[in-house]
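These are my notebook entries on one chain. I record what I looked up, entry by entry.

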Amino acid sequence: MSSFIAAPQAIAGMSSGSHISSNECISEHDMTKLVCLSCGQTNRFPETRSGAAAKCGVCGDALIDGRPHDVDLATLRKAIRNDGLPLLADFWAPWCGPCRMMAPAFSKAAEALRGQARLVKLDTQAQLDAAAAFGIRGIPTLIGFVGGKEALRQSGALPAAQIAELAGRLRQTA
Ligand SMILES: [Zn+2]
């Protein structure tokens, strides 16, 4: 997976509708996976194409769109298990002032990190099991996941630059 993460130029060079060029040989080994954050479907595609233009085979939504998606606990768990990209989850709630304050920064970071990490939001008020499942003691809490495991955790509202910096550490872990 490290070659995927270390090749941002492949992402920048993507154009929509581009085809796999004839001098590439895609083996099963070079496939990567991303869970659709809209419908929960696990999608597979060639690693070299980076997924920047990949769409979900079931619902048609973009798999990488640079926005934080609201997910439920089941989708989050599935993405943690399957995703070929680092995942940064914001555990928040609508009643939490600092959480709401951080929301624009989180969106900005999601756009800046497009293609490098996916950012998701989990509403702990709507998903009552989520805080207990991840041992959340205060919100907002950001948890980074790489390769199916928790790689870092940070509580308290952060500006966009620090959120991006956290995700950068995730990429080094990957
Ligand atoms: Zn989908």
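I call a residue buried if 20 or more other C-beta atoms lie within 10 Å of its own, exposed if 12 or fewer, and partly exposed in between, with C-beta atoms placed from the backbone. The model is predicted, and local features need pLDDT of at least 70, side-chain atom pairs count only at pLDDT 80 or more, while totals for chains, interfaces and linings use all residues. Residues are numbered from 1 along each chain as its sequence is written.

Entry 1: the chain as a whole.
I looked up the secondary structure and found six helices and seven strands. Helices (H or I, at least four residues) and strands (E, at least two) are DSSP runs, numbered from the N terminus. Along the sequence I read the pattern α-α-β-β-β-α-β-α-β-α-β-β-α. Buried residues account for 32% of the 174 residues. I then turned to contacts, where two residues count if their C-beta atoms, placed from the backbone, lie within 7 Å. Of the contacts between residues at least 6 apart in sequence, 66% join residues at least 24 apart.

I located Arg 77 in helix H3, residues 73-82. Arg 77 has 16 other C-beta atoms within 10 Å and is therefore partly exposed. From Arg 77 to Val 35, 42 residues away in sequence, the C-alpha to C-alpha distance is 10.0 Å.
Leu 76 also belongs to helix H3. Is Leu 76 buried or exposed? Leu 76 is buried, because 25 other C-beta atoms lie within 10 Å. Leaving aside neighbours within four places in sequence, I list Val 71, Ala 89, Val 120 and Leu 122 as its contacts. Lys 121 is 45 residues from Leu 76 in sequence and 9.2 Å from it in space, C-alpha to C-alpha.
Asp 70 is in strand E3, residues 69-70. With 15 other C-beta atoms within 10 Å, Asp 70 is partly exposed. Residues up to four places away not counted, Asp 70 touches Lys 121 and Asp 123. The C-alpha atoms of Asp 70 and Val 120 are 5.9 Å apart, although 50 residues separate the two along the chain.

Entry 2: strand E1.
I found Thr 32 in strand E1, residues 31-35. Thr 32 is buried because 20 other C-beta atoms lie within 10 Å. Gly 84 is 52 residues from Thr 32 along the chain, yet their C-alpha atoms are separated by 5.6 Å.

Entry 3: helix H4.
I checked the length of helix H4, residues 97-112. The expected span of a helix is 1.5 Å times one less than its number of residues. The 16 residues of H4 should therefore span 22 Å, and the end C-alpha atoms are 24 Å apart, which agrees.
Where does H4 kink? The kink, of about 35°, is at Ala 103, shortly before the proline Pro 104. The bend at a residue is the angle between axes fitted to the seven residues ending there and the seven starting there.
The buried residues of H4 include Cys 99, Met 102, Phe 106, Ala 109 and Ala 110. Among the elements covering the buried residues of H4 are strand E4 (87-92), strand E5 (118-123) and helix H6 (160-173).

Entry 4: H4 against H6.
I noted an angle of about 45° between H4 and H6, with their axes 8 Å apart. Axes are lines fitted to C-alpha atoms, for helices over the stretch in contact, and angles run from 0 to 180 degrees between N-to-C directions. H4 and H6 are therefore oblique to each other. Angles under 35 degrees count as roughly parallel, over 145 as roughly antiparallel, 65 to 115 as roughly perpendicular and the rest as oblique. The residues in contact are Ala 105, Phe 106, Lys 108, Ala 109 and Ala 112 of H4 and Ala 160, Ile 163, Ala 164 and Ala 167 of H6.

Entry 5: a cis peptide bond.
Most peptide bonds are trans. I found a cis peptide bond between Ile 139 and Pro 140, with omega about 0°. Pro 140 is in the loop between helix H5 (128-133) and strand E6 (141-146).
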